[in-house]
Amino acid sequence: MEDVPQPEIGINDVLIQVDRTGICGTDVHIYKWDAWAQSTVPVPMVVGHEFVGEIVEVGSNVADFQVGDLVSGEGHVVCGRCRNCMAGRRHYCADTKGIGVNRPGAFAEYIALPMTNVWRHDPSIDRDIASIFDPLGNAVHTALNFSILGEDVLITGAGPIGCMASAVAEHAGARNVVITDVNPWRLKLAEKMGATRTVDVRTESLQQTVKELGMREGFDVGMEMSGNGSAFREMISQMCHGGKIAMLGIPSEDIAIDWNTVVFNMLSIKGIYGREMYDTWYKMTVLLESGLDISPIITHRFSCDDFQQGFDVMMSGESGKVILNWKT
Ligand code: NAD
Ligand code: ZN
(Lines give C-alpha, C1' and ligand atoms only; values in the text may rest on other atoms or scores of the structure.)
(Ligands and ions follow the chains in the order given, each with its own letter.)
Protein backbone atom coordinates (compact mmCIF):
# COMPACT_ATOMS: atom_id res chain seq x y z
CA MET A 1 0.00 0.00 0.00
CA GLU A 2 1.50 3.34 -0.97
CA ASP A 3 0.56 6.94 -1.73
CA VAL A 4 -0.06 7.77 -5.38
CA PRO A 5 -1.28 11.03 -6.95
CA GLN A 6 -5.03 11.43 -7.35
CA PRO A 7 -5.89 10.56 -10.99
CA GLU A 8 -6.66 13.50 -13.28
CA ILE A 9 -9.66 13.44 -15.60
CA GLY A 10 -10.01 14.49 -19.24
CA ILE A 11 -13.09 16.17 -20.71
CA ASN A 12 -14.79 12.81 -21.42
CA ASP A 13 -13.94 11.18 -18.08
CA VAL A 14 -15.45 10.89 -14.65
CA LEU A 15 -13.65 10.68 -11.32
CA ILE A 16 -15.03 8.04 -8.97
CA GLN A 17 -14.44 7.75 -5.24
CA VAL A 18 -14.08 4.03 -4.63
CA ASP A 19 -16.33 2.55 -1.94
CA ARG A 20 -15.90 -1.24 -2.19
CA THR A 21 -13.89 -3.59 -4.37
CA GLY A 22 -13.84 -7.31 -5.07
CA ILE A 23 -10.61 -9.30 -5.31
CA CYS A 24 -10.45 -11.19 -8.62
CA GLY A 25 -8.33 -14.23 -9.50
CA THR A 26 -6.49 -11.86 -11.86
CA ASP A 27 -5.48 -9.70 -8.89
CA VAL A 28 -4.09 -12.83 -7.22
CA HIS A 29 -2.00 -13.60 -10.33
CA ILE A 30 -0.62 -10.05 -10.12
CA TYR A 31 -0.11 -10.35 -6.36
CA LYS A 32 1.92 -13.52 -6.91
CA TRP A 33 3.72 -11.77 -9.80
CA ASP A 34 3.60 -14.91 -11.94
CA ALA A 35 4.90 -15.22 -15.51
CA TRP A 36 1.65 -13.87 -17.00
CA ALA A 37 1.71 -10.81 -14.69
CA GLN A 38 5.38 -10.10 -15.38
CA SER A 39 4.81 -10.14 -19.13
CA THR A 40 1.53 -8.16 -19.03
CA VAL A 41 1.46 -5.55 -16.28
CA PRO A 42 3.64 -2.41 -16.56
CA VAL A 43 4.79 -1.14 -13.17
CA PRO A 44 4.09 0.84 -11.12
CA MET A 45 0.38 0.07 -11.54
CA VAL A 46 -2.70 0.56 -9.35
CA VAL A 47 -4.35 -2.88 -9.65
CA GLY A 48 -7.98 -4.00 -9.12
CA HIS A 49 -10.99 -3.73 -11.42
CA GLU A 50 -14.07 -4.94 -9.51
CA PHE A 51 -15.54 -1.92 -7.73
CA VAL A 52 -18.43 0.34 -6.86
CA GLY A 53 -18.16 4.00 -5.94
CA GLU A 54 -19.61 7.47 -6.26
CA ILE A 55 -18.85 10.02 -8.93
CA VAL A 56 -17.13 13.05 -7.42
CA GLU A 57 -16.20 14.98 -10.59
CA VAL A 58 -17.22 14.91 -14.27
CA GLY A 59 -15.35 16.20 -17.34
CA SER A 60 -16.72 19.17 -19.30
CA ASN A 61 -18.07 16.93 -22.09
CA VAL A 62 -19.95 14.62 -19.72
CA ALA A 63 -23.70 15.20 -19.66
CA ASP A 64 -25.15 11.83 -18.68
CA PHE A 65 -23.47 11.37 -15.29
CA GLN A 66 -23.66 13.59 -12.24
CA VAL A 67 -21.70 14.01 -9.04
CA GLY A 68 -23.21 11.58 -6.50
CA ASP A 69 -24.14 8.84 -9.01
CA LEU A 70 -23.46 5.31 -7.74
CA VAL A 71 -21.45 3.54 -10.45
CA SER A 72 -19.25 0.61 -11.39
CA GLY A 73 -16.78 0.47 -14.25
CA GLU A 74 -16.70 -1.95 -17.16
CA GLY A 75 -13.22 -3.43 -16.77
CA HIS A 76 -12.41 -3.46 -20.47
CA VAL A 77 -11.70 -0.07 -22.02
CA VAL A 78 -12.24 -0.48 -25.76
CA CYS A 79 -10.60 1.48 -28.57
CA GLY A 80 -13.78 2.86 -30.16
CA ARG A 81 -12.15 2.81 -33.60
CA CYS A 82 -11.73 -0.80 -34.76
CA ARG A 83 -14.25 -2.49 -37.08
CA ASN A 84 -16.16 -4.15 -34.22
CA CYS A 85 -16.25 -1.01 -32.06
CA MET A 86 -17.49 1.01 -35.04
CA ALA A 87 -20.21 -1.60 -35.59
CA GLY A 88 -21.35 -1.37 -31.95
CA ARG A 89 -19.92 -4.78 -31.01
CA ARG A 90 -17.62 -3.31 -28.42
CA HIS A 91 -17.02 -6.55 -26.53
CA TYR A 92 -15.27 -7.84 -29.70
CA CYS A 93 -12.84 -4.91 -29.72
CA ALA A 94 -9.41 -5.93 -30.99
CA ASP A 95 -7.58 -3.40 -28.83
CA THR A 96 -8.94 -3.73 -25.29
CA LYS A 97 -7.15 -2.26 -22.27
CA GLY A 98 -7.80 -3.79 -18.84
CA ILE A 99 -8.46 -1.62 -15.80
CA GLY A 100 -5.93 -2.53 -13.10
CA VAL A 101 -3.90 -4.49 -15.66
CA ASN A 102 -2.87 -2.12 -18.47
CA ARG A 103 -4.24 1.14 -16.99
CA PRO A 104 -4.67 2.37 -13.40
CA GLY A 105 -7.29 0.44 -11.46
CA ALA A 106 -9.62 0.51 -8.49
CA PHE A 107 -7.64 -0.59 -5.43
CA ALA A 108 -7.32 3.07 -4.49
CA GLU A 109 -9.43 5.89 -3.12
CA TYR A 110 -10.11 7.28 -6.62
CA ILE A 111 -10.27 5.97 -10.17
CA ALA A 112 -10.71 7.97 -13.40
CA LEU A 113 -12.60 6.36 -16.30
CA PRO A 114 -13.98 7.38 -19.70
CA MET A 115 -17.74 7.98 -19.40
CA THR A 116 -18.29 5.22 -21.98
CA ASN A 117 -16.98 2.71 -19.41
CA VAL A 118 -19.30 3.66 -16.58
CA TRP A 119 -22.47 1.86 -15.47
CA ARG A 120 -24.90 3.68 -13.18
CA HIS A 121 -26.59 1.54 -10.51
CA ASP A 122 -29.97 2.07 -8.98
CA PRO A 123 -29.18 3.67 -5.58
CA SER A 124 -31.12 0.88 -3.84
CA ILE A 125 -28.70 -1.85 -4.93
CA ASP A 126 -26.68 -3.59 -2.24
CA ARG A 127 -23.19 -2.10 -2.49
CA ASP A 128 -21.35 -5.37 -1.95
CA ILE A 129 -23.28 -6.90 -4.85
CA ALA A 130 -22.69 -3.79 -6.96
CA SER A 131 -18.96 -4.10 -6.37
CA ILE A 132 -18.88 -7.54 -8.04
CA PHE A 133 -20.83 -6.76 -11.22
CA ASP A 134 -17.64 -7.45 -13.19
CA PRO A 135 -17.35 -11.17 -12.29
CA LEU A 136 -21.14 -11.55 -12.06
CA GLY A 137 -21.07 -10.26 -15.63
CA ASN A 138 -18.67 -13.04 -16.63
CA ALA A 139 -21.12 -15.55 -15.14
CA VAL A 140 -24.18 -13.96 -16.79
CA HIS A 141 -22.46 -13.53 -20.16
CA THR A 142 -21.51 -17.23 -20.13
CA ALA A 143 -24.74 -18.60 -18.65
CA LEU A 144 -27.05 -16.75 -21.02
CA ASN A 145 -25.00 -17.34 -24.15
CA PHE A 146 -27.03 -20.38 -25.13
CA SER A 147 -30.69 -20.97 -24.38
CA ILE A 148 -30.94 -22.82 -21.03
CA LEU A 149 -34.67 -22.82 -20.28
CA GLY A 150 -35.57 -26.45 -19.46
CA GLU A 151 -32.07 -27.63 -20.40
CA ASP A 152 -29.57 -29.76 -18.49
CA VAL A 153 -26.49 -27.69 -17.68
CA LEU A 154 -22.99 -28.79 -16.68
CA ILE A 155 -20.64 -26.28 -15.05
CA THR A 156 -17.01 -27.35 -14.52
CA GLY A 157 -15.33 -25.34 -11.74
CA ALA A 158 -17.12 -24.04 -8.63
CA GLY A 159 -14.97 -20.94 -8.19
CA PRO A 160 -16.81 -17.67 -7.57
CA ILE A 161 -17.79 -17.41 -11.23
CA GLY A 162 -18.95 -21.04 -11.53
CA CYS A 163 -21.02 -20.66 -8.35
CA MET A 164 -22.63 -17.45 -9.62
CA ALA A 165 -23.30 -19.11 -12.99
CA SER A 166 -25.12 -21.93 -11.21
CA ALA A 167 -27.38 -19.38 -9.50
CA VAL A 168 -28.03 -17.64 -12.83
CA ALA A 169 -28.75 -20.92 -14.66
CA GLU A 170 -31.14 -21.99 -11.95
CA HIS A 171 -32.89 -18.59 -11.98
CA ALA A 172 -33.12 -18.65 -15.78
CA GLY A 173 -34.99 -21.96 -15.78
CA ALA A 174 -32.45 -24.72 -16.42
CA ARG A 175 -33.78 -28.18 -15.46
CA ASN A 176 -30.63 -29.60 -13.87
CA VAL A 177 -27.55 -27.59 -12.96
CA VAL A 178 -24.69 -29.98 -12.21
CA ILE A 179 -21.41 -28.45 -11.05
CA THR A 180 -18.02 -30.12 -10.60
CA ASP A 181 -14.89 -29.20 -8.64
CA VAL A 182 -12.10 -30.81 -6.66
CA ASN A 183 -12.65 -28.55 -3.64
CA PRO A 184 -15.45 -29.67 -1.25
CA TRP A 185 -15.63 -26.23 0.40
CA ARG A 186 -16.50 -24.63 -2.92
CA LEU A 187 -18.96 -27.38 -3.88
CA LYS A 188 -20.85 -26.64 -0.64
CA LEU A 189 -20.99 -22.99 -1.67
CA ALA A 190 -22.32 -24.00 -5.11
CA GLU A 191 -25.05 -25.98 -3.39
CA LYS A 192 -26.06 -22.86 -1.43
CA MET A 193 -26.11 -20.92 -4.71
CA GLY A 194 -28.70 -23.26 -6.23
CA ALA A 195 -26.87 -26.06 -8.06
CA THR A 196 -29.06 -29.18 -8.41
CA ARG A 197 -26.13 -31.52 -7.84
CA THR A 198 -22.46 -31.10 -6.99
CA VAL A 199 -19.82 -33.60 -8.04
CA ASP A 200 -16.37 -33.86 -6.48
CA VAL A 201 -14.63 -35.44 -9.46
CA ARG A 202 -11.88 -36.88 -7.24
CA THR A 203 -14.32 -39.19 -5.48
CA GLU A 204 -17.58 -39.15 -7.45
CA SER A 205 -18.51 -40.07 -11.00
CA LEU A 206 -20.13 -37.49 -13.24
CA GLN A 207 -21.50 -40.28 -15.41
CA GLN A 208 -23.20 -41.84 -12.39
CA THR A 209 -24.79 -38.46 -11.54
CA VAL A 210 -26.11 -38.18 -15.09
CA LYS A 211 -27.71 -41.62 -14.69
CA GLU A 212 -29.20 -40.78 -11.28
CA LEU A 213 -30.77 -37.60 -12.67
CA GLY A 214 -32.39 -39.63 -15.44
CA MET A 215 -30.67 -37.69 -18.22
CA ARG A 216 -30.55 -40.06 -21.14
CA GLU A 217 -28.59 -38.12 -23.72
CA GLY A 218 -26.11 -35.97 -21.80
CA PHE A 219 -25.88 -32.25 -21.08
CA ASP A 220 -27.42 -29.71 -23.44
CA VAL A 221 -25.24 -26.80 -22.35
CA GLY A 222 -21.76 -26.78 -20.80
CA MET A 223 -20.04 -23.86 -19.07
CA GLU A 224 -16.32 -24.40 -18.63
CA MET A 225 -15.23 -22.33 -15.62
CA SER A 226 -12.15 -24.11 -14.30
CA GLY A 227 -9.48 -23.67 -16.97
CA ASN A 228 -8.60 -27.30 -16.22
CA GLY A 229 -7.86 -29.75 -19.06
CA SER A 230 -9.35 -32.86 -17.52
CA ALA A 231 -12.52 -30.94 -16.58
CA PHE A 232 -12.89 -29.77 -20.19
CA ARG A 233 -12.27 -33.26 -21.58
CA GLU A 234 -14.86 -34.75 -19.25
CA MET A 235 -17.34 -32.05 -20.26
CA ILE A 236 -16.88 -32.89 -23.93
CA SER A 237 -17.49 -36.57 -23.21
CA GLN A 238 -20.74 -35.85 -21.31
CA MET A 239 -22.44 -33.52 -23.81
CA CYS A 240 -25.48 -34.56 -25.84
CA HIS A 241 -25.25 -34.63 -29.62
CA GLY A 242 -25.50 -31.03 -30.76
CA GLY A 243 -24.49 -29.83 -27.27
CA LYS A 244 -23.20 -26.30 -26.78
CA ILE A 245 -20.21 -25.30 -24.69
CA ALA A 246 -19.45 -21.77 -23.52
CA MET A 247 -15.81 -21.57 -22.48
CA LEU A 248 -14.83 -18.90 -19.97
CA GLY A 249 -12.08 -20.70 -18.03
CA ILE A 250 -8.59 -19.68 -19.07
CA PRO A 251 -6.37 -22.73 -19.52
CA SER A 252 -2.97 -22.33 -17.86
CA GLU A 253 -1.44 -24.72 -20.39
CA ASP A 254 -2.27 -26.35 -23.75
CA ILE A 255 -5.23 -28.73 -23.55
CA ALA A 256 -5.57 -31.72 -25.89
CA ILE A 257 -9.15 -32.86 -26.46
CA ASP A 258 -10.92 -35.65 -28.35
CA TRP A 259 -11.78 -33.79 -31.55
CA ASN A 260 -13.58 -36.86 -32.94
CA THR A 261 -16.24 -36.38 -30.25
CA VAL A 262 -16.54 -32.70 -31.15
CA VAL A 263 -16.99 -33.56 -34.83
CA PHE A 264 -19.18 -36.66 -34.70
CA ASN A 265 -21.35 -35.32 -31.84
CA MET A 266 -21.53 -31.94 -33.60
CA LEU A 267 -20.62 -29.89 -30.54
CA SER A 268 -20.33 -26.11 -30.58
CA ILE A 269 -17.59 -24.50 -28.48
CA LYS A 270 -17.65 -20.75 -27.99
CA GLY A 271 -15.06 -18.63 -26.20
CA ILE A 272 -16.41 -16.04 -23.76
CA TYR A 273 -14.42 -12.98 -22.72
CA GLY A 274 -15.55 -10.24 -20.39
CA ARG A 275 -19.06 -8.90 -20.63
CA GLU A 276 -21.19 -7.62 -23.49
CA MET A 277 -21.27 -3.85 -23.43
CA TYR A 278 -23.78 -3.20 -22.11
CA ASP A 279 -26.29 -5.94 -22.64
CA THR A 280 -24.75 -8.12 -19.92
CA TRP A 281 -24.92 -5.17 -17.48
CA TYR A 282 -28.58 -4.66 -18.30
CA LYS A 283 -29.31 -8.36 -17.81
CA MET A 284 -27.47 -8.50 -14.48
CA THR A 285 -29.62 -5.63 -13.27
CA VAL A 286 -32.93 -7.19 -14.31
CA LEU A 287 -31.94 -10.65 -13.06
CA LEU A 288 -31.28 -9.15 -9.61
CA GLU A 289 -34.49 -7.13 -9.78
CA SER A 290 -36.42 -10.29 -10.63
CA GLY A 291 -35.12 -12.11 -7.55
CA LEU A 292 -31.74 -13.60 -8.44
CA ASP A 293 -29.95 -13.95 -5.09
CA ILE A 294 -26.18 -14.18 -5.28
CA SER A 295 -25.52 -12.90 -1.76
CA PRO A 296 -24.06 -16.22 -0.43
CA ILE A 297 -21.13 -15.78 -2.85
CA ILE A 298 -19.75 -12.96 -0.67
CA THR A 299 -17.95 -14.86 2.07
CA HIS A 300 -15.46 -12.32 3.41
CA ARG A 301 -15.30 -8.57 4.00
CA PHE A 302 -12.22 -6.61 5.09
CA SER A 303 -11.07 -3.04 5.39
CA CYS A 304 -8.62 -2.14 2.59
CA ASP A 305 -5.93 -1.81 5.25
CA ASP A 306 -6.31 -5.55 5.85
CA PHE A 307 -5.84 -6.41 2.16
CA GLN A 308 -3.24 -9.02 3.13
CA GLN A 309 -5.92 -11.07 4.90
CA GLY A 310 -8.12 -10.76 1.83
CA PHE A 311 -5.43 -12.12 -0.48
CA ASP A 312 -4.55 -14.86 2.02
CA VAL A 313 -8.14 -16.13 2.17
CA MET A 314 -8.38 -15.95 -1.65
CA MET A 315 -5.29 -18.16 -1.89
CA SER A 316 -6.62 -20.62 0.70
CA GLY A 317 -9.31 -21.81 -1.74
CA GLU A 318 -11.89 -21.48 1.04
CA SER A 319 -13.60 -18.33 -0.15
CA GLY A 320 -16.21 -17.05 -2.53
CA LYS A 321 -15.93 -13.34 -3.27
CA VAL A 322 -13.76 -11.27 -0.93
CA ILE A 323 -14.74 -7.60 -0.56
CA LEU A 324 -12.41 -4.79 0.52
CA ASN A 325 -13.95 -1.62 1.94
CA TRP A 326 -12.13 1.60 0.96
CA LYS A 327 -14.16 4.05 3.02
CA THR A 328 -12.62 3.38 6.38
P1 NAD B 1 -11.18 -19.97 -9.67
O2 NAD B 1 -9.78 -20.31 -9.97
O3 NAD B 1 -11.53 -19.38 -8.35
O4 NAD B 1 -12.10 -21.28 -9.88
C5 NAD B 1 -11.76 -22.36 -10.65
C6 NAD B 1 -12.26 -23.60 -9.94
O7 NAD B 1 -12.00 -24.74 -10.78
C8 NAD B 1 -11.59 -23.84 -8.59
O9 NAD B 1 -12.56 -23.91 -7.56
C10 NAD B 1 -10.87 -25.16 -8.81
O11 NAD B 1 -10.82 -25.95 -7.64
C12 NAD B 1 -11.72 -25.80 -9.91
N13 NAD B 1 -11.09 -26.94 -10.58
C14 NAD B 1 -9.77 -27.25 -10.67
N15 NAD B 1 -9.63 -28.45 -11.29
C16 NAD B 1 -10.85 -28.90 -11.58
C17 NAD B 1 -11.35 -30.09 -12.21
N18 NAD B 1 -10.53 -31.03 -12.66
N19 NAD B 1 -12.69 -30.22 -12.35
C20 NAD B 1 -13.53 -29.27 -11.90
N21 NAD B 1 -13.12 -28.13 -11.29
C22 NAD B 1 -11.80 -27.95 -11.14
O23 NAD B 1 -11.65 -19.00 -10.84
P24 NAD B 1 -12.91 -18.00 -11.02
O25 NAD B 1 -12.52 -16.66 -10.54
O26 NAD B 1 -14.17 -18.61 -10.54
O27 NAD B 1 -12.90 -17.96 -12.62
C28 NAD B 1 -13.20 -19.13 -13.35
C29 NAD B 1 -12.33 -19.27 -14.58
O30 NAD B 1 -12.64 -18.22 -15.52
C31 NAD B 1 -10.81 -19.13 -14.35
O32 NAD B 1 -10.14 -20.02 -15.22
C33 NAD B 1 -10.53 -17.69 -14.73
O34 NAD B 1 -9.18 -17.52 -15.14
C35 NAD B 1 -11.47 -17.51 -15.87
N36 NAD B 1 -11.92 -16.13 -16.15
C37 NAD B 1 -12.15 -15.83 -17.46
C38 NAD B 1 -12.64 -14.59 -17.79
C39 NAD B 1 -12.93 -14.29 -19.22
O40 NAD B 1 -13.27 -13.14 -19.51
N41 NAD B 1 -12.82 -15.26 -20.12
C42 NAD B 1 -12.90 -13.64 -16.80
C43 NAD B 1 -12.69 -13.99 -15.46
C44 NAD B 1 -12.19 -15.25 -15.15
ZN1 ZN C 1 -12.10 -1.51 -30.73
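Reader: How do the residues of the shell around ligand 1 divide into nonpolar, polar and charged?

Author: This is a predicted model, in which local features need pLDDT of at least 70 and side-chain atom pairs count only at pLDDT 80 or more, while totals for chains, interfaces and linings use all residues. Residues are numbered from 1 along each chain as its sequence is written, and chains are lettered from A and ligands numbered from 1 in the order in which they are written. Ala, Val, Leu, Ile, Met, Phe, Trp, Tyr, Cys and Pro count as nonpolar, Asp, Glu, Lys and Arg as charged, and the others, Gly among them, as polar. Here the shell holds eleven nonpolar, 14 polar and two charged residues.

Reader: Which residues come nearest to ligand 1?

Author: A residue is near a molecule if its C-beta atom, placed from the backbone, lies within 6 Å of it. Of the 27 residues around ligand 1, the nearest are Gly157, Gly159, Ser226, Gly227 and Ala231.

Reader: Which element supplies the largest share of the shell?

Author: Helices (H or I, at least four residues) and strands (E, at least two) are DSSP runs, numbered from the N terminus. The largest share, three residues, comes from α6.

Reader: In what order do the six strands of the open sheet stand?

Author: Two strands pair if DSSP finds at least two bridges between them. The order is β10-β9-β8-β11-β12-β13, with parallel pairing. Because β10 (197-200) and β13 (268-271) each have a single partner strand, one side of each is left without a neighbour in the sheet. Within it, β11 (residues 219-224) and β12 (residues 239-247) pair over five bridges, and Val221 has Lys244 in β12 as its bridge partner.
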